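Please open the structure in a viewer and keep the selection panel at hand.

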Amino acid sequence: MMTLNKQTFYVYILLFFAVLACKKKTSEIKGTSETSNENRQKPNIVFIYTDDLGYGDVSAYGATEINTPAIDALAEDGILFENAYATAATCTPSRYSVLTGNYAWRKKGTGVAKGDQGLLIDTARTTWPKLLKSAGYKTGIVGKWHLGLGGNDGPDWNGIISPGPLEIGFDYSYLIPATGDRVPCVFVENHHIVNLDANDPVQVNYKEKIGDWPTGKENPELLTMKPSQGHNNTIINGISRIGYMTGGKAALWDDETIPMQLVDKSNKFIDNAKEQPFFLLLSTHDIHVPRVANKRFQGKSGMGPRGDVILQLDWTVNEIVKTLKNQNLLENTIIVFSSDNGPVVDDGYKDQARELLGNHQPTGGLRGGKYSAYEGGSKIPLIIRWPKGKNKGMVSNALVSQVDFLSSFAALVGVKTIPDDVIDSQNQIEVFQGKSTTGKTSLIQESFMGPLSYVEGDWKFIEPLDGPKLVPWGPIIETGFQRSPQLFNIKKDPRENYNLASKFPDKVKEMEEKLSHLKEDGFSNQHEVNLN
């Protein structure tokens, strides 16, 4: 009898622990399921980050000589920001700030990157894609990179190209390594050059000619597009570039089909990632030189290649929206559209951009342009389309900066804490959503030779610099450099025609002190733009 009772007791004990285990497993499954469902409900984020597009290059911003219906549709369905800024007047520092949440001038060497530059973002640093990954997002980047690849000595083009985007938070990357006018003219997918033949290795040199491929300087008769300054090294597809390369013939891109490649890779990423929330950074190249429109857009704008590639960019936007719609993802996707800096007309090639400009004003009438300390350098278009028509058709005059994307969108998707290495990014999500029109108190702009501008409220202060009055290598763009401080009331004088520094010395001193405080522990970059 005792034996039977003892056996029964053991059976009960075993049954008790079995039930506990089942409950725990059920709880774990339920928890996993709840987390999975919660993640699926988070909005996708598609950031179309275009290159060298000016404040006045889009019809939604008042352009009358060119029509951009797909971009305009984003504004009609979303929020158009009239007072938005990139952090710099050139691409590398703007892109650095977007991904790290810090002004690029805080880190040495973040001027315009060379084509064989090592990775500029420390792999241990907090980044926007890392934070989104921590919130359950699949992350991808397609298009222009220009933030360096590889270690301190640059990339191993014929081996594993690392570190790069995958080491700073992206799950997938398909890159133009630097820019279209810099060698090597190949795509890099994840860690490798696409279609590279091991028997025809790529060689790249930015100091001296290598191999026997013709150059623009030695063989101008082979050019289909001639340079206006610099850009006279190795010829690829009839266009001479910055830097020398040889090898990798099977991997060379076709300039005319770059946009189609980027759209195709973006669509495939969306299709592969759609079962969970995703972040796609589509970094288009169209308006950056060399401007080579696909045949379907050539001659369509009446403004030459620069106008044609703006139409091509609009096509890209339409294709991405169409994909999201066809996949039933559009109404759970935030679409952000913006530019990395202001416009430039002649930036190295004789493509008749200036001659055929007509009445078109790429800066929208703002002073300066790409590279400049004036407003035309970093005041840019910004449109955010929110799902389900949230604040549809709204126009916001709030002061906003791309540096705040990191903290704002991280907060939106549930990231509770932003690490301490993010210094400058602020949570402005209510402004980006249109719930608030107050905007930032202040922001900082960076021009190509390092001097900073401080914007606060209606006022803008530009640091003094004894530098060239015009961008030295050709484009007719005022740098904004003066030996003495400049002060503008940009609300009353948006074109910065009247320097009020002598009239308001106390305001100059106040702005200068505030900027000096923000610059503590920072660096000023000397942006050496090498065209050869």
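Helices (H or I, at least four residues) and strands (E, at least two) are DSSP runs, numbered from the N terminus; contact means heavy atoms within 4.5 Å. The model is predicted: local features need pLDDT of at least 70, side-chain atom pairs count only at pLDDT 80 or more, and totals for chains, interfaces and linings use all residues. Residues are numbered from 1 along each chain as its sequence is written, and side-chain values use heavy atoms, with hydrogens and water left out.

Within α9, highlight Lys507, Val508, Met511 and Leu515, which are its buried residues (buried: under 20% relative accessible area; exposed: over 50%; partly exposed in between; 1.4 Å probe, protein chains only). Because they cover an arc of only 100° around the axis, they lie on the same side of α9; the arc is that of the directions from the helix axis to the C-beta atoms. Turn to the other side of α9 to find Asp506, Lys509 and His517 exposed.

Next, select α7 (residues 405–412). Six of its eight residues are buried, so this helix is largely enclosed by the rest of the structure. Those buried are Phe405, Leu406, Ser407, Ser408, Phe409 and Ala410. Just after α7, inspect Gly414, whose phi is positive, at about 100°.

Finally, select Asn195, in the loop between β7 (192–193) and β8 (203–205). Asn195 is exposed, at 57% relative accessible area. Leaving aside residues up to four places away in sequence, Asn195 touches Ala250 and Ala251. The C-alpha atoms of Asn195 and Ala251 are 4.8 Å apart, although 56 residues separate the two in sequence.
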